[in-house]
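Dear colleague,

Please find the structure below, handed over for your records. My findings follow it, grouped by topic.

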Amino acid sequence: MGDYVMNDMQKRIRQLCREFSLNELIPTSKEYDIEGRLNEDAYRKAVEIGFTKIAWGKEYGGLGLDTVTQVMVTEELSYGDAGFANVMVASSLAARPVLMAGTEEQKQFMADIVIHGGKAAFCLTEANAGSDAGAIRTSAKKTEDGYIINGSKCFITNGPEAEVYIVFAMTDNSKGVKGISAFLVPGDTPGVGHGAHEDKVGIRQSSASDVIFQDVKVPFSALLGKEGEGFKIAMKTLDIARIDCAAAAVGIAQRAIDLSVKYAKERKTFGKPIAKLQAIQFMIADMEIQTEAARALVRQAAELKDMGQINSKICACAKAFAGDTAVRVATDAVQIYGGYGYIRDYPVEKLMRDAKIFQIFDGTNQIQRVVIAGNMLK
Amino acid sequence: MRIIVCVKQVPDTNEIKINPETGTLIRDGVPSILNPDDANALEAALAIKDSCPDTTTVTAITMGPPQAKEMLKDCIAMGADEAILLSDRALGGSDTWATSNALASGIKQIGSYDLIFAGRQAIDGDTAQVGPQIAEKLNLPQVTYVRSLKLNDDCLTVERALENGYEIIDVKMPCLLTTIKELNTPRYKTVQGIMDSESADISVWNADDIGVDKHTVGLKASPTNVFKSFTPKPKGAGVYVSGGSPKEKVQILLSALEEKHVI
Ligand SMILES: Cc1cc2nc3c(=O)[nH]c(=O)nc-3n(C[C@H](O)[C@H](O)[C@H](O)COP(=O)(O)OP(=O)(O)OC[C@H]3O[C@@H](n4cnc5c(N)ncnc54)[C@H](O)[C@@H]3O)c2cc1C
Ligand SMILES: Cc1cc2nc3c(=O)[nH]c(=O)nc-3n(C[C@H](O)[C@H](O)[C@H](O)COP(=O)(O)OP(=O)(O)OC[C@H]3O[C@@H](n4cnc5c(N)ncnc54)[C@H](O)[C@@H]3O)c2cc1C
């Protein structure tokens with residue numbers, strides 16, 4: 001386990017997460033990865049333990065803990081299985097716009113779903129609008145009694161199962177990104193559909209699919225904040241969500257390190273354990289340096305958020321560095337495992353596959369650099 | 001209904017270090033956990049509480065050093081209502097006889113109860129004596145090795161595991177049961193439980209508080225003297241004499257014993 005500065009309660013919560021990962025996630029991780037489905041039994045237990053309500057305010061039925069505690073939980077669950085953790089991370093990503101801009105009713109509606117383990121989805125990306133999120137085409141046409149949403153989103157995490165969708169759509173084409181608005185759409189609203197669960201490279205316990213809106217009628221009360229605020233809400237949401245996303249990446253890196261250390265002591269070549277080879281020692285030391293540094297950045301971003309200072313540059317630094325670290329460290333773990341590392345019977349190739357998405361979603365790591373430089377050079 | 005669960009804090013590993021002078025366990029610096037069988041005992045109590053939450057109180061009790069509070073906090077995080085720590089220098093070095101004297105006095109001090117659970121055995125001391133001794137000292141019926149249990153009105157129907165089978169026993173409450181891991185799967189702590197347990201008020205009682213006779217507790221009062229501690233050689237597998245009539249079986253047994261010059 002990495003060394004956060006923690007109080008006793010945080011230590012015990014973290015210990016509980018680790019116990020959960022070791023008992024419930026790791027033993028079956030491979031099986032669910034191959035089948036590409038969520039370990040529902042473990043998910044139900046995680047909800048009972050309270051992992052889905054860590055940072056929700058007490059007024060909504062949550063535990064009211066801080067972001068620092070939330071990122072520890074996310075890291076530990078991702079240590080067990082990054083796909084599993086991502087189901088929860090994506091739901092809290094979707095809740096974020098509501099917490100930021102929603103009414104009390106909207107917040108409570110969202111809390112009642114997510115806290116009890118219901119899934120939620122954040123629907124921004126479209127086939128021709130990923131990094132360029134401002135280019136979305138999904139439209140929300142105002143009528144007498146609300147809006148009619150039409151369009152199609154892609155790669156939406158929790159798409160097939162979500163009980164509620166947060167949808168970004170154009171309410172005014174003439175205004176560019178200022179014409180984008182955000183809506184809260186219950187999953188059972190007529191006209192909401194989804195495509196097939198994508199056959200992904202990694203994080204396979206978590207689903208992603210197209211989500212299709214066909215003449216979906218929603219009342220005025222579905223609007224989050226004001227018309228035209230959608231893009232701003234989306235960008236602010238992603239700033240915050242990056243902290244949790246980065247924490248999940250650190251969890252993968254830590255698992256890769258722990259497995260590498262263990263294997264290096266066991267595997268013998270030329271009559272001695274490979275752990276005695278400086279080449280391997282330095283690799284392990286470098287894995288550790290990067291991972292501890294990533295964890296420290298996550299911590300920094302989380303503490304700033306807890307102090308009410310969301311710093312989009314630091315959030316982007318944490319996400320980019322933790323994502324890049326997870327990919328490098330997991331790839332190095334495969335290297336340390338040699339040929340066995342490339343075989344599915346061993347656990348490290350999965351880490352490499354799981355890690356890659358952390359350079360892509362929640363804004364690619366190129367986009368993070370655009371954000372960082374933009375902040376520095378404005 | 002009031003349920004008392006005897007819980008013991010044990011070292012996390014099986015690598016037990018022993019003080020060569022006193023022959024007692026060195027516990028300093030070894031991470032401690034709730035004894036695994038005791039987690040089953042606590043789960044059994046909590047399961048009863050789940051079925052009648054408003055009328056059931058679960059109390060965890062331990063005898064141990066001040067650090068045992070941490071384990072008691074974990075019991076509360078799992079769902080115990082309250083926890084009591086018996087802690088006093090006078091209790092230090094107690095063997096099973098002395099330990100059960102202290103625990104029995106502590107339980108008397110709690111007052112009324114309907115059911116007492118203990119784990120079958122502690123992974124460090126490993127004697128499986130403390131539970132039965134408490135029952136004797138409190139003059140309670142006891143069933144050991146409980147692998148399933150059903151609550152009726154004032155009686156329990158339990159399955160008691162045997163080496164190759166089980167017996168079904170009806171036992172009147174109040175009584176003491178010792179539990180084995182086959183009984184259930186202990187629940188996880190909840191995050192809310194951990195938060196609550198941080199501020200939980202854990203009672204700490206000393207020897208005077210429980211009114212125990214100090215000549216019956218502690219190292220000096222312990223009749224057990226550890227002569228030598230060692231790792232035993234593994235025993236070979238036993239031979240099970242099966243088939244034939246009882247008479248034939250006895251004959252087989254007798255000739256085997258004769259062959260080994262036992263008789
Ligand atoms: C498993 C998975 C889950 C996802 N979950 C969600 C979700 O829940 N909700 C949601 O809305 N979206 C989700 N996404 C979408 C994800 O956020 C996008 O895929 C991502 O933002 C990249 O967009 P794109 O795929 O269109 O790539 P593109 O934008 O086409 O990028 C292609 C390449 O060009 C680079 N690039 C593009 N523009 C620039 C630039 N200006 N400067 C430098 N480089 C640039 C990119 O970094 C990338 O390398 C998910 C994706 C996946 C794969
Ligand atoms: C190597 C070794 C050396 C020892 N040396 C000495 C010695 O020198 N002098 C000496 O007097 N004793 C000695 N002991 C005994 C030691 O003190 C016992 O561990 C202790 O009395 C409890 O017995 P047990 O661990 O066998 O518990 P068991 O009888 O196996 O425990 C059964 C159940 O009783 C309950 N229980 C047991 N202890 C407690 C407790 N403290 N609080 C609450 N519930 C409890 C739990 O529910 C537990 O599951 C030694 C033991 C060992 C292994």
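Leaving aside neighbours within four places in sequence, A:Tyr32 is in contact with A:Arg37, A:Leu38, A:Asn39 and A:Gln205, where contact means heavy atoms within 4.5 Å. A:Tyr32 belongs to helix α2 (residues 29–35) of chain A; helices (H or I, at least four residues) and strands (E, at least two) are DSSP runs, numbered from the N terminus. With a relative accessibility of 11%, A:Tyr32 counts as buried; the classes are buried under 20% relative accessible area, exposed over 50% and partly exposed in between (1.4 Å probe, protein chains only). A distance of 25 Å separates the C-alpha atoms of A:Tyr32 and A:Val164, which are 132 residues apart along the chain.

The model is predicted: local features need pLDDT of at least 70, side-chain atom pairs count only at pLDDT 80 or more, and totals for chains, interfaces and linings use all residues. Residues are numbered from 1 along each chain as its sequence is written, chains are lettered from A and ligands numbered from 1 in the order in which they are written, and side-chain values use heavy atoms, with hydrogens and water left out.

A:Asn365 lies in helix α11 (residues 365–377) of chain A. Not counting residues up to four places away in sequence, A:Asn365 touches A:Lys319, A:Ala320, A:Gly323, A:Asp324, A:Phe358 and A:Gln359.

I turn next to the interface. Contacts link 17 residues of chain A with twelve residues of chain B. About 1300 Å² is buried between chain A and chain B, and carbon and sulfur atoms give 64% of this area; buried area is the accessible area (1.4 Å probe) that two parts lose on being put together, summed over both. In chain A, the residues that lose the most area to chain B are A:Arg12, A:Leu16 and A:Leu63, together 48% of what that side buries.

Three salt bridges are counted between chain A and chain B, each being a side-chain nitrogen of Lys or Arg within 4 Å of a carboxyl oxygen of Asp or Glu. A:Arg12 and B:Glu198 meet through their side chains in a salt bridge (2.8 Å, N to O). On the side of chain A that touches chain B, the elements giving two or more residues are α1 (8–25) and α3 (40–49) of chain A. The largest share of that side, nine residues, comes from α1(A).

Ligand 2 is surrounded by 35 residues, the closest being B:Cys6, B:Lys8, B:Asp38, B:Asp95 and B:Thr127; a residue is counted here if one of its heavy atoms lies within 4 Å of the ligand. A polar side-chain atom of B:Asp38 is 2.4 Å from an oxygen atom of ligand 2. A polar backbone atom of B:Ser94 lies 2.8 Å from an oxygen atom of ligand 2.

Finally, some backbone features deserve a note. Most residues other than glycine have a negative phi, and most peptide bonds are trans. The peptide bond from B:Met173 to B:Pro174 is cis, with omega near 0 degrees, and B:Pro174 is placed in the loop between β11 (165–172) and β12 (175–179) of chain B. A:Phe270 has a positive phi near 45 degrees and is exposed, with a relative accessible area of 84%.

Yours sincerely

Notes: Polar contact = N/O pair within 3.5 Å; in protein donor to acceptor, adjacent residues only side chain to side chain.
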